[in-house]
2 protein chains.
Amino acid sequence: MRSNFRLIAIGAIVVSLVGGILIGRFSGGLGGGGALAEIAADRGLTVEQATGALKAFTAPGEWDPYILVSSGGHSGQLHLVGVPSMRLLKTIPVFTPESWSGYGQGADWSEGILAEGSTDKQAAELAWGDTHHPALSETEGAYDGRFVYINDRANGRLGMVDLRDFKVKQILDLPNMQTSHGGVFATPNTEYVHISSMTPMPQTDDGYAPLEDYAEDYRGISTWVAIDPETGRADLDDSFQIELPPYTQDLADAGKLASDGWAFINSYNSEMAVGGNMEGGQPIEVGASQRDFDYMHIINWKKAAEVAAQAGKTEMRNGVRVISLDTAIEEGLLYFAPEPRSPHGVDVDPTGNYITVGGKLDPHVTIYDIELIEKAIAEENFDGTDEYGVPILKFDAVVAGSVEVGLGPLHTQYDGRGHGYVSLFLDSAIAEFSLGPKAGIPEAEAFQLVDKVQVNYNVGHLATTEGDTVAADGQYLVALNKWSVDRFPVIGTLKPQNFQLIDLTDETMSVLADMPIGFGEPHYVQIIKAERLVNAIDTYEPGTDPLTFARSSVATAAGEERVEREGDTLHVYMTTVRSHFTPDIIRARAGDHVVIHLTNIETLADATHGFAIPGYNIQASLDPGEVVTVEFHATKTGSFAFYCTEFCSALHLEMQGWLLIEP
Amino acid sequence: MRSNFRLIAIGAIVVSLVGGILIGRFSGGLGGGGALAEIAADRGLTVEQATGALKAFTAPGEWDPYILVSSGGHSGQLHLVGVPSMRLLKTIPVFTPESWSGYGQGADWSEGILAEGSTDKQAAELAWGDTHHPALSETEGAYDGRFVYINDRANGRLGMVDLRDFKVKQILDLPNMQTSHGGVFATPNTEYVHISSMTPMPQTDDGYAPLEDYAEDYRGISTWVAIDPETGRADLDDSFQIELPPYTQDLADAGKLASDGWAFINSYNSEMAVGGNMEGGQPIEVGASQRDFDYMHIINWKKAAEVAAQAGKTEMRNGVRVISLDTAIEEGLLYFAPEPRSPHGVDVDPTGNYITVGGKLDPHVTIYDIELIEKAIAEENFDGTDEYGVPILKFDAVVAGSVEVGLGPLHTQYDGRGHGYVSLFLDSAIAEFSLGPKAGIPEAEAFQLVDKVQVNYNVGHLATTEGDTVAADGQYLVALNKWSVDRFPVIGTLKPQNFQLIDLTDETMSVLADMPIGFGEPHYVQIIKAERLVNAIDTYEPGTDPLTFARSSVATAAGEERVEREGDTLHVYMTTVRSHFTPDIIRARAGDHVVIHLTNIETLADATHGFAIPGYNIQASLDPGEVVTVEFHATKTGSFAFYCTEFCSALHLEMQGWLLIEP
């Protein structure tokens, strides 16, 4: 097989020498540009559109230079998209069982992850999640291509995907918090992954408290999940939580460089509205929009980690150390800065000096300066405290500037050249604005609106290439538009969303291409240079347990296949290779407990095999070298034709066997 | 909102008048072609690649002229892809629960479909499927854009998706058959959807028979599922099955025009090998490849329908009428034609005259002629019978021609200009060949190899635009390559597949673009002109039950919201509208049975709302006008912040409420 591919590769080189002359040589001539113009005209493309075609295209067999890592919203998954081609490269299942990859359909490793990810904090076993904010692991504030973390907004959980094999390795069900929206980020060296609650939760034994006791019993939670630097796994023992007032904590970001050691969390609903629109109250959307200011939470996380390590400063609550709100205030871990009402995004620029907040119900972005914040804290330049005693920094003392950008500013990303890009939900536009001198912009040009481009429609998040790291490179911007309305053919009452690719390398921004998203409701994405994914492996070592990357204790080599019966339990040690299973007949009796240890003994990349049993709801997938165990009770008699679900060879259909369950 | 979109649309027109000058006017000049050539050169694109970029591009906001309807393999779903842009437009869940669309995550309509789709034929409740062969409904042999049917290879089931709202409406668990591979098609007026078994199944009471009794007790099944012309639903009472010998029945196709009333099913393993590679036997792949010929099954389905309607000609078996093998032979419903060994695809050309079979282990395609088949049947020009008594037509009497095309020919599609295109799995290529005079090709040019193009890699199915209907138009071909190997960045040990778009409008075929498929393992696709999807609706009528399209009995209008308690059951009649639920507080007690009837009272397209309850594993989705009911037992006390999972407005985050489950 391998030699076939080599032949094809040689063929391709010949083609590129003979027929693949670069257009540049004929620029403007009939052999190059003229022919292209003709094709564009034939297809009815404008110059602008044809430019988009050429700029967004990644040629057959070529690799995209960037990979966009996207949350999947209530699909519960992660999605990888090539940039600039905007092709969906892969869906990685995290919180929702997915049968193509055999995730949660009988394979031991995935069943285990899902089961551990649903503790008795939950009322039911969970089979979905609401992924919102992917956080790629970082080293010195830049993506290191090792892991990606993703939260489940619905149920307060965190998943970890290993970027060696791009499979989820852990789901952590976080105590003391329920929903979690945008409060996820990795610290600059991935010491911690932060996840905060969105709606506060009663900190009571049974998770219940009357709404009348909201201010007293409900609390927000900022969780600092400690990460094992080797495995990327979360360790709850080393993690800690900080109690927050029962506002609605929202987006969050880590400081970096100038602001390293700090973290920032937006909040709204400092009004503590709880709704009750059929009980004489106002809807929450009205009740939560009364005050002119809400609070940006400013957390000294390095200091908090020290406090959490001290005896007597925390209490254990459901298996995790918690710093109470009082202790957080007392120890100087938590400060507030006023934000114009109902803020949404909070985003630290690549230099770490500036923190931009989008005002949602205010047409400005407000840009805070970490030096001013530190100074105000040092000088106790406070405007009193909130009702829980958290010191409020004076607004004018900490703001470096504000820019009127348009209606509904939400999130900001950066280009590494001193400019920010903010999504305008109500305007359906992206506004580009300048930062200040600490980001290299002369004073006279600082904090000004620079450019604006229309997007379609209702943009939520946006992402620039590596735009929330120290390495932002300002090549592309992707707008995550929540509504597509009329952009795609009518294919049902549930519409796709619309990602739009925007070029940042010209003087003005321009939309190059649309990408329909009809498989999830992504909320946030990060875009990483593909070359940083140096840990990615092509195949497993033979006999690998995908959970640990170590050799599996039930790995089976060719010739070692066997069936062992222990009472009512049948252990089958099976291998898969093109194009058969060994053994290809399993003889069981009704009532047996059948345990099948499968080893894919292929060594060639892409030689994945599947293992499905009709009627028994089992579908496992085995990449080359992978070992997976499936088990089930033989509750029903019959002759079941198990088979390989991956089209693996010309004789793939013949890759089947018989599971006989005798009466 | 609507007026906003109108403004944007007007803006777009202005842009196209002012800035959107067609390249054609500057063909070859600097303002058009030259600029394009420069961009292509900047990006390192060859002329061939830049041509692909321009030909495959669908400009932002423009609609693709074709929609590719793809199976999703063991993802269990259907996928819609725009052609030529090769953008994934939507995933439609069918056999596997999917939480973005709220399918099988608590909503009554979808829970009901999944539950009905898993009868006690199965050993377990099924939560996945292996979709293989979509069949778009047809009128007079052309797609009519009304329904699409899709089989579950693993468990012998059929799903139906309504192309009004693009949601699944029915899963039918077919009696007497287990696995089902490629035997799915709609008859030319969708009187029936055909689905045949792949591996035969014991026709015994308990579904079990020893492999020693394989020839006697196991049978293949050809199922003719009757379709209600109004609703598209399958009706098992009007359906019938035909018993087949226990060979492995594989791909199938309906006759059309010249061959209307006939159906064709390939088979292999006429050797009846059952494996046993650890019991002294050969692997099935070896045992099933011994004979030089297998059998194309030729079924007179119109006559079979008449026979099935006659008293005494069928027996009821698990709720469906079955024509026994003996009756099928006796009544002249079933004939065999020899096929070179281990055939795979069988595909009827647009005129209905020719049936092409790919030889898998033979480098030829064999082209049968329906006129010759009918003549041989009429003249009883038989080469004896198989061991079950099925008459075998003389090979030379029914074959119009054969073409040596290359290694591993599988499937054939057509362009409506008298040419066929066959996928070559082992060669990783597509071969174009000519048909004969009845398809408009002069005798001298008939049955010849015309062109060949390399694809990457291991192509399985392929599809041309409307290529398996009477309306094949020969614009594009999509190659479904099973392996991608090195075509995409290394993003894990499980590789995407690779769809390749091929232009059929030039003299020679050329690959325009690659599309990674990292979300399923599609087997077959059909490509329909988008303009045929005339039934597609943008929004539901207010208060619609999505299962029936009728007004739901629990639809709730604004102002009619209420909570009604009946003993331990709490009925909540709730509405959703930007940006609140009414009521936004639900007060329940531990142990209650909570039933929430949700009506999305939005009327604007795209104003979908979600409804998720933390911890309770519930996520429903409601398109504008849609009514959905979720119910659960309040097993756990607590204050649960239910919320809208679709980003619906600037105050979307505020669209939440409190489910209080008091101790």
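This is a predicted model: local features need pLDDT of at least 70, side-chain atom pairs count only at pLDDT 80 or more; totals for chains, interfaces and linings use all residues.
Biologist: How many cavities of 30 Å³ or more does the count come to?

Modeller: The count comes to 17. The largest cavity has a volume of about 400 Å³.

Biologist: Which residues are closest to the centre of that largest one?

Modeller: A:Ser85, A:Arg87, B:Ser85, B:Met86 and B:Arg87 are the closest, out of 25 residues in the lining.

Biologist: And which helices and strands supply at least two residues of that lining?

Modeller: In chain A they are helix H3 (47-56), strand S3 (87-92) and strand S32 (510-517). In chain B they are helix H3 (47-56), strand S3 (87-93) and strand S32 (510-517).

Biologist: How does the lining of the largest cavity divide into nonpolar, polar and charged?

Modeller: There are 17 nonpolar, 4 polar and 4 charged residues.

Biologist: What volume does the second largest cavity have?

Modeller: The volume of the second largest cavity is about 290 Å³. It is lined by 22 residues, and the closest to its centre are A:Gln77, A:Thr91, A:Glu98, B:Thr91 and B:Glu98. By class, this lining has 8 nonpolar, 12 polar and 2 charged residues. S3 of chain A, strand S2 (77-83) of chain B and S3 of chain B each supply at least two of the lining residues.

Biologist: Switching to packing. Which residues of the largest nonpolar core touch the most other members?

Modeller: A:Leu54, A:Phe499, B:Leu54 and B:Phe499 do, in a core of 58 residues.

Biologist: Take B:Leu54. Where does it lie, and is it buried or exposed?

Modeller: B:Leu54 lies in helix H3 of chain B. Its relative accessible area is 0%, so B:Leu54 is buried.

Biologist: What does B:Leu54 touch, leaving out residues up to four places away in sequence?

Modeller: B:Leu54 touches A:Leu36, A:Ile39, A:Ala40, A:Arg43, A:Leu45, A:Ala50, A:Ala53 and A:Leu54.

Biologist: How many residues of H3(B) are buried?

Modeller: 9 of the 10 are buried, so H3(B) is largely enclosed by the rest of the structure. The buried ones include B:Gln49, B:Thr51 and B:Lys55.

Biologist: What about A:Phe499, what does that touch?

Modeller: Not counting residues up to four places away in sequence, the contacts of A:Phe499 include A:Leu68, A:Met86, A:Val478, A:Leu480, A:Met515, A:Ile517 and A:Val525.

Biologist: Cysteines next. How many disulfides over all chains?

Modeller: The count is 0. For A:Cys644 the nearest cysteine sulfur is that of A:Cys648, 4.0 Å away. A disulfide needs the sulfur atoms within 2.5 Å. A:Cys644 counts as buried because its relative accessibility is 0%.

Biologist: Last topic, the backbone. Which residues does the cis peptide bond in chain B with omega about 15° join?

Modeller: That bond joins B:Val83 and B:Pro84. B:Pro84 is in the loop between S2 and S3 of chain B. In chain A, the peptide bond from A:Arg578 to A:Ser579 is cis, with omega near 5°. A:Ser579 is found in the loop between strand S35 (569-577) and strand S36 (580-582) of chain A.

Biologist: What phi does A:Leu257 have?

Modeller: Phi is positive, about 45°, although A:Leu257 is not a glycine. Most residues other than glycine have a negative phi. A:Leu257 lies in the loop between strand S13 (248-254) and strand S14 (262-268) of chain A, and is exposed, with a relative accessible area of 54%.

Biologist: And B:Asn176, buried or exposed?

Modeller: B:Asn176 counts as buried, at 5% relative accessibility. B:Asn176 has a positive phi of about 70°.

Methods. Residues are numbered from 1 along each chain as its sequence is written. Chains are lettered from A and ligands numbered from 1 in the order in which they are written. Side-chain values use heavy atoms; hydrogens and water are left out. On a 1 Å grid over the protein atoms alone, a cavity is a set of points where a 1.4 Å probe fits but cannot get out, and a pocket is an open set with protein on both sides within 12 Å along at least five of seven lines; lining residues have an atom within 4 Å of a point. Grid points are joined across faces, edges and corners, and a volume is the space filled by probe spheres set on the points. Helices (H or I, at least four residues) and strands (E, at least two) are DSSP runs, numbered from the N terminus. Ala, Val, Leu, Ile, Met, Phe, Trp, Tyr, Cys and Pro count as nonpolar, Asp, Glu, Lys and Arg as charged, and the others, Gly among them, as polar. A nonpolar core is a set of buried Ala, Val, Leu, Ile, Met, Phe, Trp, Tyr and Cys residues joined through side-chain atoms within 4.5 Å. Buried means under 20% relative accessible area, exposed over 50%, partly exposed in between (1.4 Å probe, protein chains only). Contact means heavy atoms within 4.5 Å.
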